[in-house]
Amino acid sequence: DQGKKVNLSLGGQNGIIHIKNNADKTKFVNSVISIINKYGFDGLDIDFEGSSAGGTSPSFDNPNTEAQLMIDAIREICDYYGDDFILSMAPETAYVQFGINQSVAPAYLSLIHNLRDKLTVLHVQHYNTGSSNDLYGYNAIPGSADYHVAMAEMLLQGFPSCGKTFPALREDQVAFGVPATSGAAGSGYINMEEVKKAMKYLITGEKSAGMNYTL
């Protein structure tokens, strides 16, 4: 009634989801559509963690069998509702940026790649994560404006994975998630001034004092 968009979110730390065959896929599609219709949700948020979608794929453009079934299921749901349907994804960095220069891809990365034509926004969780290499091979440390910019640029420019280049997403598809308070995450909380610095640099190209990373 307030005009807000509300998505049905699937997954999370304890919500492991597996689709192992076509019968599973049919049950998944039908149950998700039933819930969305009952409550009038505007879209679907994929928040998989752990072994959901099968763990790893040979590469981001070659999904494992379970990941392909999940891709087909999500695509079927999106097609059912049409162009106004929202598809958001909220993966951890371990399932996205940690795929840089790896020989196998997190299955989640294959979901992102093979659903990019349906994807509304990808907001990677920039918290509860370890350090990762940036595009230039340097160690990006969580908890700073530099980290947010470095992780976002990987999605804006594309990055190497499985001997190939994971193609860039559109600018309007790239966001990132931060914890609201220090108590909302085990690690990765930074104050809002640092978040503002990161956003300013990403949006305007103007780097604030104290930042080391260069777009």
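Guide: Let's begin with burial: a residue is buried under 20% relative accessible area, exposed over 50% and partly exposed in between (1.4 Å probe, protein chains only). Helices (H or I, at least four residues) and strands (E, at least two) are DSSP runs, numbered from the N terminus. This is a predicted model, in which local features need pLDDT of at least 70 and side-chain atom pairs count only at pLDDT 80 or more, while totals for chains, interfaces and linings use all residues. Residues are numbered from 1 along each chain as its sequence is written, and side-chain values use heavy atoms, with hydrogens and water left out.

Visitor: How many residues of α3 are buried?

Guide: Seven of the eight residues of α3 are buried, so this helix is largely enclosed by the rest of the structure. The buried residues are A107, Y108, L109, S110, L111, I112 and H113.

Visitor: Which residue lies over the face of F166?

Guide: That is R116, at 5.1 Å from the ring centre of F166. A charge sits over a ring if NZ of Lys or CZ of Arg is within 6 Å of the ring centre and within 35 degrees of the ring normal.

Visitor: Now for charges. How many salt bridges does a search of the whole structure find?

Guide: Side chains of opposite charge can pair when their charged atoms come close. A salt bridge is a side-chain nitrogen of Lys or Arg within 4 Å of a carboxyl oxygen of Asp or Glu, and the search finds nine. One of them joins K20 and E66, whose closest N and O atoms are 3.5 Å apart. This pair links distant parts of the chain, 46 residues apart, with K20 in the loop between β1 (7-11) and α1 (22-39) and E66 in helix α2 (residues 65-81). K20 is exposed, at 54% relative accessibility, but E66 is buried, at 12%.

Visitor: Where in the chain are the partners D79 and K118?

Guide: D79 is in helix α2 and K118 in the loop between α3 and β6 (121-125), 39 residues apart. Their side chains meet in a salt bridge of 2.6 Å, N to O. D79 is partly exposed at 46% relative accessibility, and K118 is partly exposed at 24%. R170 also forms a salt bridge, with D172, at 3.0 Å between the closest N and O atoms. Here R170 is partly exposed, at 43%, and D172 is exposed, at 51%.

Visitor: What is the nearest side chain of opposite charge to E153, and how far away is it?

Guide: For E153, it is K207, 10 Å away; E153 is buried yet has no salt bridge. Lys and Arg count as positive and Asp and Glu as negative, with His and the chain ends not counted. E153 is in helix α4 (residues 145-157). Leaving out residues up to four places away in sequence, E153 touches L135, Y136, G158, Y213, T214 and L215, where contact means heavy atoms within 4.5 Å.

Visitor: Last one: how many disulfides does the search find?

Guide: A disulfide is a covalent bond between the sulfur atoms of two cysteines. With a cut-off of 2.5 Å between the sulfur atoms, the search of the whole structure finds zero. As for individual cysteines, C78 is buried at 5% relative accessibility, and C162 is buried at 14%.
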